[in-house]
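Open the model in your viewer and have the selection tool ready. The stops below are meant to be taken in order.

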Amino acid sequence: MNNRRTFLRGFLSVLLSGSAIGGVLKILPSNAYAKEVLHKGKWYGFGVSVDKCIGCARCMEACKTENNVPREPFFFRTWVERYIIRNNGITTVKTIEPNAEQTPETASDKAILRSFFVPKLCNQCAHPPCVQVCPVGATFQTKDGVVLVNEKTCIGCRYCIQACPYGARYLHPGTRTADKCTFCYHRISHGLLPACVEVCPTQARVFGDLNAAASPMSRFQRMNKIHVLKPGLNTEPKVYYANLDGEVR
Amino acid sequence: MSPEFIRTLQDLLPQIQGFIYPNEIEIHWGLLIVVYPYITGVVAGAFILASLVKVFNVKEVQPLYRLSLLTALAYLLVAPMALVSHLGHPERFYEILLTPQTSSAMAMFGFVYAWYLMAVLLLEIWFVHRTDMIEWAERETGVMRFLHRALALYSRDKGERAVSFDHKALKVITIVGIPSAFLLHGYVGFIFGSIKANPWWSSVLIPIVFLFSAIVSGVALVIVLYMIITPLRGGKIDMRCVDKAVDFLFYTVIVDFSLEFVDFIHRVYQSEEEIKILSEMVMNKLFSSLIIIQVLLGMLIPLVLISLTKIFRKRFALNEDLRKMVYFISVILIQFGVFATRWNVVIGGQMFSKSFRGLTTYKMEFGGLEGLLYSIALLALPIVILAILMKILPPWKEMTGEGDAGGGEAVAGS
């Protein structure tokens with residue numbers, strides 16, 4: 001009697017702990033060699049040619065107009081950073097301001113090692129940490145790989161803002177909900193380009209379906225050495241940069 | 001959109017050092033989110049102190065048992081208020097309970113909170129006070145009689161079997177309660193520790209550091225309350241009890257300090273890409289709150305003070321008042337230290353840019369939901385609730401050691 005009870009108890013606990021361990025293992029990512037999960041259908045991506053950007057800030061202006069982003073310089077769905085790397089190793093970074101009157105900071109050419117502009121926007125990560133942390137599921141990834149926010153259910157806890165490694169999110173002061181770049185989802189779902197891509201005079205910004213062999217995006221990926229921001233965080237960004245400098249974070 | 005808010009942000013612009021991402025100017029989690037982990041920490045800590053009596057049979061701290069349970073409850077009731085008021089849409093908070101997203105650490109709040117409140121704290125308090133409430137109701141009239149009847153859920157059984165069942169139930173609840181208290185606060189730590197985007201937060205040690213600082217703050221707070229309330233009621237402070245509780249506090253502070261020190265050494269030794277901006281932040285922005293208040297005033301000085309009472313045991317044994325004073329100063333300092341710990345984690349984690357190239361500043365408001373006044377009110381509210389709770393479930397007999405010293409939940413004076 002006692003023996004059977006001990007046996008049953010032992011058996012049960014092995015069973016339980018076994019399934020618990022199994023459950024844990026299931027969460028672990030198992031395909032270590034595959035770079036990305038293949039997605040069927042449309043899977044949108046974005047390309048930025050760092051060398052082509054002239055820092056005109058039209059993309060910032062177009063974005064604010066298209067998406068009703070507050071005009072104040074604290075809320076951006078996209079912005080452009082200017083990097084100046086000097087001979088002495090000091091790097092200065094600034095966000096360029098959308099009004100054209102500014103006189104850009106210049107140093108004597110000899111003191112500058114290199115200098116360039118880097119457009120930034122939401123990376124529409126394949127593994128978005130913002131989606132993972134949202135307590136109510138108000139921010140989500142669409143089937144075509146765009147991360148959106150439902151402003152009707154967002155409770156404004158700002159956990160997603162904390163979780164974004166790229167500073168791409170802000171709390172919209174009007175709606176009191178989280179807001180971010182949507183790749184202009186209202187436009188791309190009608191076959192148009194995102195506003196920033198549309199207005200870019202140098203075609204520094206490219207947009208398209210990563211799965212389509214003939215899209216400008218695929219061509220961008222074929223023709224350039226590409227890099228993403230903060231790859232070490234395993235967020236798998238879908239904004240790809242050509243000729244990105246190592247100083248850029 | 002209020003123009004005032006925009007003006008606050010504009011005022012911050014010149015204070016930015018280096019480069020930050022343009023969306024990073026606003027510090028999103030302000031004072032309220034500092035208050036929240038502080039309060040849940042007190043809950044967890046006070047409960048651990050209570051379990052010292054029940055599970056580990058430390059008889060000396062019996063006078064603190066009911067006080068610490070009621071303190072835990074009073075603070076637990078206030079904890080969600082801090083969270084809800086900081087939301088952009090407080091009226092939607094129920095979404096987190098109705099449609100929680102399972103992958104979100106924050107969404108688990110409802111479950112952890114409900115579990116702790118319903119399955120642990122309320123149950124334990126009910127079983128502790130059940131026979132008492134029956135007794136009180138028998139002697140009372142009017143509202144209080146009704147209240148105690150109702151709170152006892154109209155149970156009237158004071159028989160031996162019922163009382164021994166109470167005892168057994170209490171034992172089980174406390175044993176379940178300890179991991180639950182750990183869960184409650186470890187979980188709060190996890191909310192921060194699991195954010196990989198933020199190197200100041202992202203550390204496996206954070207939940208454990210939170211846990212130990214929680215125990216520290218809870219125990220220290222109950223000691224403060226005991227040392228204030230007892231003389232106010234004309235009772236005598238039981239020094240054996242305070243000695244023991246301070247002893248326990250002392251060792252927990254040492255563990256807490258060591259853990260934070262390990263974390264510090266680890267960061268400095270590994271020296272990853274964020275180390276420069278983090279050390280700049282600590283030296284510029286957090287110097288007074290981290291080095292001075294948290295480490296020096298909140299840990300080292302209390303440790304030295306309490307050690308003195310141990311080293312010069314004989315001298316301090318003779319002079320009870322001196323010992324009392326040293327203890328009192330130490331526990332108050334520890335309280336400030338733990339609050340500073342929460343501040344440094346929450347605010348510190350948002351003062352540096354995720355580009356690791358610059359720092360922003362936190363400007364505390366005075367009025368409004370995010371302001372200082374409201375937070376002070378939130379910190380004072382548990383004390384008010386505690387006063388009400390002590391009216392309903394008076395812990396005096398146990399606190400003053402009358403009747404059954406060490407008898408616990410057995411009815412005193414019967």
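Select residues 78–86 of chain A, which form strand β2 in this predicted model. β2(A) pairs with β3(A) in the antiparallel sense, over 5 bridges. Within this part of the model, pick Ile85(A): opposite it, in β3(A), stands Thr91(A).

Now widen the selection to the whole sheet. It is open, has 3 strands in the order β3-β2-β4 (chain A), and its pairing is antiparallel. The edges are β3 (91–95) and β4 (112–121) of chain A; each has a single partner strand, so one side of each is left without a neighbour in the sheet. On average, neighbouring strands are turned by 15 degrees against each other, direction ignored.

Move to chain B and select helix α7 (residues 160–193) together with helix α8 (residues 205–232). How do their axes cross? They come within 7 Å and cross at roughly 135 degrees, which makes α7(B) oblique to α8(B). The crossing is right-handed. To see the contact, show side chains including Phe182(B), His185(B) and Phe190(B) of α7(B), and Ile206(B), Phe210(B) and Leu211(B) of α8(B). The contact residues divide into 10 nonpolar, 4 polar and no charged.

Finally, colour chain B by pLDDT. Its mean is 90, and 96% of its residues reach 70 or more. Over residues 403–414 of chain B, the pLDDT is below 50. Where pLDDT is low, the predicted coordinates should not be read in detail. For the model, ipTM is 0.90 and pTM is 0.89.

How values were computed: Residues numbered from 1 in each chain as written. Chains lettered and ligands numbered in written order. Predicted model: local features only at pLDDT ≥ 70, side-chain atom pairs only at ≥ 80, totals over all residues. Pairing = 2+ DSSP bridges. Helix = DSSP H or I, 4+ residues; strand = E, 2+ residues; numbered from the N terminus. Axes fitted to C-alpha atoms, helices over the stretch in contact; angles between N-to-C directions. pLDDT = per-residue confidence, 0-100. Contact = placed C-beta atoms within 7 Å. Parallel < 35°, antiparallel > 145°, perpendicular 65-115°, else oblique. Left-handed = near helix turned anticlockwise from the far one by under 90°. Nonpolar A, V, L, I, M, F, W, Y, C, P; charged D, E, K, R; others polar.
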